[in-house]
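User: Can you walk me through this one? I have the sequence and the model open.

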Amino acid sequence: MSDRRRGPDFDGGRPIDSARRDSFDEFDDDEEIEATRAMDVMPDDFPPPTQQSAAPAPAPPPAPADPEPHSSYDDGDDATRMLSAADFDDFQQSTAPPAPEPEPEPQITPIELRVVSGPDRGKSHDIQVGESLVGRGLDCTIVLADPAVSRKHFRVVRRDDEVEAVDMGGANGTNINGSRVSRHALQPGDQIEVGTTVLESHIGGVEPVRQQKAFPVSTSTSADVDSSEGASSERGVGLYIGLAVAGLMVLAGGGVGAWLLMGSGGDDKAKAEQGAEDADVSKFIKEAKGLIEDGEWADAIDTLSKARKIAPKNSDVKDLLNKVKEEQDYADDIEEAGKLAKKKRYSKALKLLEDIPDSSEQHDDAQDALKDVKSKWLRTLLASAREAVELGENTKAEKLLTQVLKLNPKHTEAKVLKSQVSGDDQADADSGSADKKPAPTEKPTEAASKVLKRAFKSYHNRQWSAARKAFATVAKGNYKKSERTKAAKHLSAVKIVSTAMVSAGSMSSPVKKAVSYRKAYQADKDVDGHFGPTLIKKVTESYVTAAQMQYKRRRYGKAAQLVREALNYDPENAAAMKLDDQCTTKAGELLKAAKSHLSKGNYGKARDLARQVESMLPNLDPRVGEARGVAKKAAEASVAGDDD
């Protein structure tokens, strides 16, 4: 014990003055206290206190509650203060490595489709859980700028880490790894071929998050510091160096932790802001796609422009915005073509519509508009050709009919009329007035009555060209003036009847058919009325068919007008009478509904229904007056500002 300087004059290596020594007398268990103190500061291999000395030693007082760790010497004594058990515990706690950070939550496996070939080469599309539609249509989740791709080509279905490609059943089909499939579970590296585009599946795992190793800190005990016997001053210096290093490390660790915490907080804030931006962009894209489905191109452009301001570098927004702008241009072209068609500038209208590509969302609308413009142009040309035929202007008629056949090479009426115009004999082509006197040397080879009889027979058999030729023979022959005048009238009527009947046979609109048959019916009276009953039946049937179509479309006023036209030609027609009764019943129902809307303050609806009733009923029907009264009251209320 002499080498450790322990005994009644020392307390844990520190000298004890006489006053403190006297205070020890109040403790009873001197040996137990001394043994406990000795164990606190002894090295592990030091023998137990019972082996050192059998003589009891005075018990030292309890250690101060808060010892001064910064004083190495007491009252100028050169003895070095040793590290107590409490100081050692504090030291160990202050230098212990920080607790490891908790494991991060597992992330969802990233799955993406990369375009390796085609117009969109280089682009990459993340696949989220759920369904993603792939195609040329702007309402798809993944939009491909490939004309050979269907509007809705295939869909990708993701369930957790499993992903499947499902073909939409289009004519173009979907090939995966060279084989056509209807459904395929995607694996890493699978290549999906649609049109001229190839997409490659990339299914990657998340890299494990490795924990950072704690900075090594010395955990040397006071026993290790004291290992050199008799070097008290060196122990004190070593102790303070150790404490200083530990303190610096604690401070450094706290600063690094604070920096990491602040940095983490900054990253979290940036991520939150980025997430909010992504959510806004996704919201705008979804809204824009809904507008695209409705054909609201201008509104879709405005919505995508807002998304572009939030995310200027977002390629999806940029591409979609450019495509929508193109679609807006095509929509403008379709609208302009309609205006040109109204001005009968058909050629320029067709050029605008034909320039809209197949890849455009407007292509189907453009094709419908194209058909409509061609139909209008064809009808205009055909009407002019008919008029030219009736006037005997065969050269003009032939030119117009040639144009019609360029627009529609299979047009039946144009073919028939052109053959009739081309087949007319020279006398018909060079026809003049029936009053023109024939040359004196001209003599008829047969009587006028015989020629006219042959003309009527051809007419009854619908041999239009032969009938016209026979009537022209008398009209321009050396016959009596009365015979020539009568034959000329028949000739003109035959031309009208033949043209109208041939035209009606090739028309799809029942109303136009009715008008054409009605024209033939009027002209037939100027011949001999042979086709009268047939033409009346044709006119009636056409009007009834048109009325039934309008009734199904709930255009009751138009249906009632058409059925009344049918009854004008055939009052006993059963189909016309039945439909007329239906229109009358419906008019009563609509009048009742109009009154109900008027009482509820729905003036606009009441006014529209009342006016419809007016158009459905004959003027002598008393309900017409009631309907006019409802319409008047509704109109006055609307003007007064009471309309809802």
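Analyst: Ground rules before we start. This is a predicted model, where local features need pLDDT of at least 70, side-chain atom pairs count only at pLDDT 80 or more, and totals for chains, interfaces and linings use all residues. Residues are numbered from 1 along each chain as its sequence is written, and side-chain values use heavy atoms, with hydrogens and water left out.

User: OK. How many residues are in the largest nonpolar core?

Analyst: That core has 43 residues. Tyr459, Trp464, Phe471, Val474 and Leu535 have the most contacts inside it. A nonpolar core here is a set of buried Ala, Val, Leu, Ile, Met, Phe, Trp, Tyr and Cys residues joined through side-chain atoms within 4.5 Å. Buried means under 20% relative accessible area, exposed over 50%, partly exposed in between (1.4 Å probe, protein chains only).

User: Which elements give it two or more residues?

Analyst: Helices H14 (448–460), H15 (464–475), H16 (481–505), H17 (510–524), H18 (532–552), H19 (556–569) and H20 (574–600). H16 gives the largest share, ten residues. Helices (H or I, at least four residues) and strands (E, at least two) are DSSP runs, numbered from the N terminus.

User: And what does Phe471 touch?

Analyst: Leaving out residues up to four places away in sequence, Phe471 touches Leu452, Ala455, Phe456, Ala487, His490, Leu491 and Val494. Contact means heavy atoms within 4.5 Å.

User: Switching to rings. How many aromatic pairs?

Analyst: Seven. Rings of Phe, Tyr and Trp (its six-membered ring) pair if their centres lie within 6.5 Å; planes under 30 degrees apart count as stacked, over 60 as edge-to-face and the rest as tilted. One of the pairs is Tyr459 with Trp464, edge-to-face at 5.8 Å centre to centre and 65 degrees between the planes.

User: Is Tyr459 buried or exposed?

Analyst: Buried, because its relative accessibility is 0%. Trp464 is buried too, at 10%. Ring pairs link Tyr459, Trp464 and Phe531 into a cluster.

User: New topic. Where does Glu112 sit?

Analyst: In strand E3, residues 111–117. Glu112 counts as buried because its relative accessibility is 16%.

User: Which side chain makes a polar contact with the Glu112 side chain?

Analyst: That of Ser124, at 2.7 Å. A polar contact is a pair of N or O atoms within 3.5 Å; within protein, one must be able to donate a hydrogen and the other to accept it, and residues adjacent in sequence count only if both atoms are side-chain atoms.
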